Amino acid sequence: MLLEGKTVLVTGASAGIGRAVAIGCARHGANVALNFSRDVDGANAAVAEIEALGRKGIAVQGDVSDPATATAFIAKAVEALGRVDVFVNNAGICPFHAFLDMPVDTFERTMKVNLHGAYFMVQAAANQMVKQGDGGSIIAMSSISALVGGEYQTHYTPTKAGLHSLMQSVAIALGKHNIRCNSLFPGTILTDINKDDLADQAKRTYMEGRIPLGRLGQPEDLVGPTVFLASDLAQYVTGASLLVDGGAYVNLQ
Ligand SMILES: NC(=O)C1=CN([C@@H]2O[C@H](COP(=O)(O)OP(=O)(O)OC[C@H]3O[C@@H](n4cnc5c(N)ncnc54)[C@H](OP(=O)(O)O)[C@@H]3O)[C@@H](O)[C@H]2O)C=CC1
Ligand SMILES: C[C@H](O)[C@@H]1OC(=O)[C@H](O)[C@@H]1O
């Protein structure tokens with residue numbers, strides 16, 4: 001198993017991509033600590049699935065927009081599971097809204113959760129990995145939106161480009177510690193984050209039509225790419241990004 005004996009931490013893992021990735025890493029042999037902010041039932045259900053696979057799992061509640069959540073999450077994960085080998089920065093929000101009347105609160109909240117939260121989480125995880133002294137893997141759930149825009153995502157796409165940029169810079173800062181830092185760029189994956197947006201059947205049909213593989217993504221589609229970057233198979237991969245979008249990005253015509 002690719003992640004046998006490794007401890008994986010995932011933020012925003014009570015639902016959607018984070019939950020699938022947390023359970024998927026357990027299926028590949030890892031013990032898993034997950035962070036979430038509100039959905040206690042979802043987090044507990046994810047832990048139950050991890051334990052049913054014969055792995056250890058814990059859920060730690062905390063809003064990533066508060067920098068104190070980062071140090072608390074890492075400390076509790078180390079207390080329960082002993083160490084941090086892999087850190088997946090996944091928590092994120094995308095409250096769709098037009099540009100010209102974007103509420104200040106919506107802009108600031110999106111920045112704080114998606115980018116500021118990531119910065120402090122990645123910093124806390126990296127400090128623990130440096131202390132352990134034997135490397136690690138940090139993976140950011142960026143997006144195809146790091147590369148292309150969205151009319152109702154003017155506050156969101158800069159956070160995804162920022163996350164990718166953060167991974168590039170920390171790949172340099174942490175290379176000497178053998179800590180690899182990479183980004184995943186999911187396309188449109190069916191989760192709660194876009195349930196309302198894709199309830200518009202015309203938009204959904206348009207989005208599906210853009211995808212050469214012929215379907216929108218499922219959270220499980222992110223498991224394989226995450227496990228690869230987390231594993232020793234990717235031992236010489238750092239500062240990289242991987243589109244997981246069914247080919248949507250390259251489909252101009
Ligand atoms: N779905 C998609 O098409 C794409 C998603 N992404 C990115 O993937 C990541 C996961 O998205 P997805 O699974 O779709 O979204 P979901 O809304 O399904 O899940 C979001 C998860 O993040 C958690 N979360 C939200 N806010 C916070 C917070 N402040 N602190 C801690 N946890 C929080 C939620 O937990 P709780 O409810 O408990 O707060 C939930 O577990 C995001 O970063 C998103 O930008 C990237 C590209 C495409
Ligand atoms: C939430 C959106 O459906 C989703 O988020 C992203 O990052 C993708 O670009 C999609 O727009």
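Which polar side-chain atom lies 2.5 Å from an oxygen atom of ligand 2? In this predicted model, local features need pLDDT of at least 70 and side-chain atom pairs count only at pLDDT 80 or more, while totals for chains, interfaces and linings use all residues. Residues are numbered from 1 along each chain as its sequence is written, chains are lettered from A and ligands numbered from 1 in the order in which they are written, and side-chain values use heavy atoms, with hydrogens and water left out.

The atom in question belongs to Ser 145. Taken alone, ligand 2 exposes 290 Å², of which the protein buries 89%; accessible areas come from the Shrake-Rupley method with a 1.4 Å probe, and for residues only the protein chains shown count as cover. The residues around ligand 2 (those with a heavy atom within 4 Å) include Phe 96, Gln 153 and Thr 188. By class, this shell has four nonpolar, six polar and no charged residues. Here Ala, Val, Leu, Ile, Met, Phe, Trp, Tyr, Cys and Pro count as nonpolar, Asp, Glu, Lys and Arg as charged, and the others, Gly among them, as polar.

Ligand 1 has 33 residues around it, and Ser 37, Asn 90, Tyr 156, Ile 189 and Thr 191 come nearest. A polar side-chain atom of Thr 191 is placed 2.5 Å from an oxygen atom of ligand 1, and a backbone N or O atom of Ile 17 is 2.8 Å from an oxygen atom of this ligand. A side-chain N or O atom of Asp 63 lies 2.9 Å from a nitrogen atom of ligand 1. On its own, ligand 1 has 880 Å² of accessible area, and the protein covers 93% of this.

Cysteines were also examined. With a disulfide defined as a pair of cysteine sulfur atoms within 2.5 Å, the count comes to zero. The sulfur of Cys 25 has that of Cys 181 as its nearest cysteine sulfur, 16 Å away. Cys 25 is buried (under 20% relative accessible area, against over 50% for exposed and in between for partly exposed, with a 1.4 Å probe and protein chains only), at a relative accessible area of 1%. Cys 181 is likewise buried, at 0%.

Key. A polar contact is a pair of N or O atoms within 3.5 Å; within protein, one must be able to donate a hydrogen and the other to accept it, and residues adjacent in sequence count only if both atoms are side-chain atoms.
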